[in-house]
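Here is a friendly note to read alongside the structure.

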Amino acid sequence: MTILLDIAGLSVCYGGIKAVAEVDLVVHEGERVALIGANGAGKSSTLKAVAGLMVPSSGQLLYDGTPLERLAVWQRVGAGLCLVPEGRGVFPRLSIEENLLMGAWHRRRDAGVLSDMERIYGLFERLKERRLQPAGTLSGGEQQLLALGRALMSRPRLLLLDEPSMGLAPLMVEKVFDVIRAIAGSGVTLLLVEQNARLALELCDRAYVMESGKVVLTGKADECLRDARVQEAYLGGDQS
Amino acid sequence: MATFFQQLVNGLTLGSIYALVALGYTMVYGIMELINFAHGDMVMVGALVTLSLTHVLAGLGVPLALALPLSLLGAMAVCMALGWLIERVAYRPLRRAPRLAPLITAIGLSMVIEQVAALLWGRGYLTFSLPVSRVWNLGGVVVTPIQTGVLGLSLLLMWGLLWLVRKTSLGRAMRATAQNPEVARLMGVDTDQVISMTFVLGSALAAVAGLMVVAYYGIGNYTMGFMLGLKAFTAAVLGGIGSLAGAMWGGLLLGVVEALGAGYIGDVTGGLFGSNYKDVFAFLVLIGVLIFHPQGLLGGRAGEKV
Ligand SMILES: Nc1ncnc2c1ncn2[C@@H]1O[C@H](COP(=O)(O)OP(=O)(O)OP(=O)(O)O)[C@@H](O)[C@H]1O
Ligand SMILES: [Mg+2]
C-alpha cells in the first residue's frame, strides 16, 4: 500500500507551549485511521498542521510524496487534502447551496460540480429541501452533514475529520457516522479525530492514541478496542 | 415646497456619490474589519487624474464625449492599481498586528497620498467645466444633466456591485472570506487575492465618484478627499458598517439630510447660520448614530455583510 500522508517528528507550538511533540503518523491510501485522545491531547493541532492552519515548529509532512510546506493552505484542497474543522465551520450567512459550491471552489469551472451537488442532495434530503436558506439556520447535526457534503464537493483524496460527533444527539451521531462510513466505502482515505473512541475504533482500520501531545499507542483498531489501557481511559473501563 | 424638492434632488445626487465611496469603506471593513481611512483620498486621485486626462485629450482635439469616458477609464485603472498596491504594501504585512497599527498606517497613507498629489497637481484649485448649460425645470425644481448622470450612473454601479457580491463566484468567495477566512482558505480560496480584489473594486468605485465630484462642483484640489472621505465614512456607519445595502441607504440619507439642512438652516435660525454650515449635519448624524444606535440602520444581525 502506498503511503498517502507521512507525518514524521511533528511538533506544534502555541507561543512557548508545545501542543504536539514529535508525532509520527502514517496514513496509507484507502485506509481509515483514527486519532483518539483526551481533551487537549493535541489532536486538532495535528490536523491543523496537516491542513496548513498551523506552521509546524519542527518535523516533516509528506503528502503523496511531496512536502506539504510547499503548498499554501488554500492550495492543499486542490491536491485532494480536505479538513472538516472542529465545530464544522459552515458559512452561516451563505445558503446551503452556496456552502456546497464553496467546497468545489478549486474546480468551480468544472462541469461536474452540478452533478456532484445533485449526488450530495441525494445523500441528504434535508439539505435539498432547504438549499436556499442560510446555513446558520440548520441544526448542529445538519450543519455537520453540510460540512461533510461541502468537503465531498472538493472530491477529496484524503479527508481529515475533526470530531464530527461533537455536541450531537446520539441519533444524529449515528447518522453522521453512517455518512462517514459511506464516504470511506467510496474509496476516500480517512483520518478521523474523535473523542468518541468506541465509534472511531469500530469504523477505522488502525488507530493512534495521543496523550499530552505525544502518540502513546498505535495499532490495529480492533486491538486497540481490546487494549486494557484504552478501555480504562477512553471506553469507560467496564466493557470488554 | 419647491425648496424641499429642490434640496431633495440635490441631496440624492450628493448622497449617491457618498454611497459609492461608502461602499469602499464598508466592503473593506466587512472583509477584514479595517477602516481604510485612505479611501477618501482615492476619490481625490480619481478626480484629479480624470481632470488632467480630460484636459490632455481635449488639447489633442478628442471630442468630449469620447475624452470623458476614456479619462474615467484611465482614472479607474490608476485607482485600482493604487488600491491594490496599498493593500499589498501597507496593510498585508499588518494582517496579524494589533488593530491600532493598520489604523495609524491608514492615516499616514492618507497624508502621503495628499502630499504626492500636491506635488503633481499643485496646491491650488483646478477647474473642470463640462459644457452642459441645459437644465430641466420641473415645476420650479431644477434638474441638471450632470445630476441625472450622477444619479443614474451611481444606481447602475450599486446594482452592479450587489449583483457581483450576491451572484458571482468572486462575490461568494468575498462573503465566505468575510464570515470565516480560515475556513474559506480550507475550501481553497486564496483569501489574500480576494482581499486584493476587494480593494481594487472599492478603488474603482472611488474613481467614478471622483469624476462625479469634479463634474458636479466644477473644481478639484488635493485635499478634496478628506471631507468627502469623512462623510462617506459617516454614511457607512449610519447604514451599519460592513453592510452593502446599509452603505447605499446611509449615503443617500446623509446626502438628503445635509441638503435639507443646508436649505433650511438659514430660515430656522433666523439667518444666524447659513448654508456654509452644512458640513455640520454630517457630523451631528455621526455623533448621534454612535451614541444612540452604534450598529447603524442595517448593521448587526440583519445587514448583509460583504
Ligand atoms: N490557539 C491556541 N492558543 C494556545 N494554546 C492552544 C491553542 N489551541 C490549542 N492550544 C493548546 O494546545 C493543546 C492541544 O490542543 P488541541 O486543540 O490540539 O487538542 P485536542 O486534542 O484537539 O483537544 P479537544 O479534544 O479538546 O479538541 C492544549 O493544551 C490546548 O490548550
Ligand atoms: Mg480538538
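1. Let us begin with Arg88(A). In this predicted model, Arg88(A) counts as buried because its relative accessibility is 10%, and the cut-off for buried is under 20%. You will find Arg88(A) in the loop between β6 (81-84) and α3 (96-103) of chain A. Its backbone deserves a look too: Arg88(A) is not a glycine, yet it has a positive phi of about 75 degrees.

2. Now turn to Glu22(A), another residue that is not a glycine and has a positive phi, here of about 45 degrees. Glu22(A) sits in strand β2 (residues 17-28) of chain A. Is Glu22(A) buried, exposed or partly exposed? Glu22(A) counts as partly exposed because its relative accessibility is 45%, and that class lies between under 20% for buried and over 50% for exposed.

3. Next comes ligand 1. It is surrounded by 13 residues, and the closest are Lys43(A), Ser44(A), Ser45(A), Glu86(A) and Gln195(A). Helix α1 (residues 43-51) of chain A gives the largest share of this shell, three residues. Sorted by class, the shell around ligand 1 holds four nonpolar, six polar and three charged residues.

4. Which atoms of the protein lie 2.8 Å from an oxygen atom of ligand 1? One is a backbone N or O atom of Gly40(A), and another is an N or O atom in the side chain of Lys43(A). A polar backbone atom of Gly42(A) is 2.9 Å from an oxygen atom of ligand 1. On its own, ligand 1 has 630 Å² of accessible area, of which the protein covers 62%.

5. Empty space is the next topic. Rolling a probe the size of a water molecule over the atoms shows where such space is left. The largest pocket has a volume of about 930 Å³. Its lining is made of 38 residues, and those nearest its centre are Arg95(B), Arg96(B), Arg185(B), Thr191(B) and Asp192(B).

6. Both chains take part in this lining. At least two residues each come from β4 (58-63) and α2 (73-76) of chain A, and from α1 (2-32), α7 (181-186) and α8 (191-217) of chain B. The largest share, four residues, belongs to β4(A). By class, the lining of the largest pocket has 21 nonpolar, six polar and eleven charged residues.

7. The second largest pocket holds about 360 Å³ of space. It is lined by 14 residues, with Val213(B), Tyr217(B), Met224(B), Met227(B) and Leu228(B) closest to its centre. Elements that supply two or more residues to this lining are α8, β4 (219-220) and α9 (224-239) of chain B. Of these, α9(B) gives the most, with four residues. The lining of the second largest pocket divides into eight nonpolar, three polar and three charged residues.

8. Finally, how many cavities of 30 Å³ or more are there? The count comes to one, and the largest cavity has a volume of about 30 Å³. Its lining consists of Ala51(A), Val73(A), Arg76(A), Val77(A), Leu81(A), Cys82(A), Leu83(A) and Leu186(B). Two or more of these lining residues come from each of α2 and β6 of chain A, and the largest share, three residues, is from β6(A). By class, the lining of the largest cavity has seven nonpolar, no polar and one charged residue.

Conventions:
Residues numbered from 1 in each chain as written. Chains lettered and ligands numbered in written order. Predicted model: local features only at pLDDT ≥ 70, side-chain atom pairs only at ≥ 80, totals over all residues. Heavy atoms only, no water. 1 Å grid on protein atoms, 1.4 Å probe; cavity = no way out; pocket = protein on both sides within 12 Å on 5 of 7 lines; lining within 4 Å. Points joined across faces, edges and corners; volume = space filled by probe spheres on them. Nonpolar A, V, L, I, M, F, W, Y, C, P; charged D, E, K, R; others polar. Near = heavy atom within 4 Å. Polar contact = N/O pair within 3.5 Å; in protein donor to acceptor, adjacent residues only side chain to side chain. Areas by Shrake-Rupley, 256 points an atom, 1.4 Å probe, with all protein chains shown as cover. Buried < 20%, exposed > 50% of the residue type's maximum accessible area, 1.4 Å probe, protein only.
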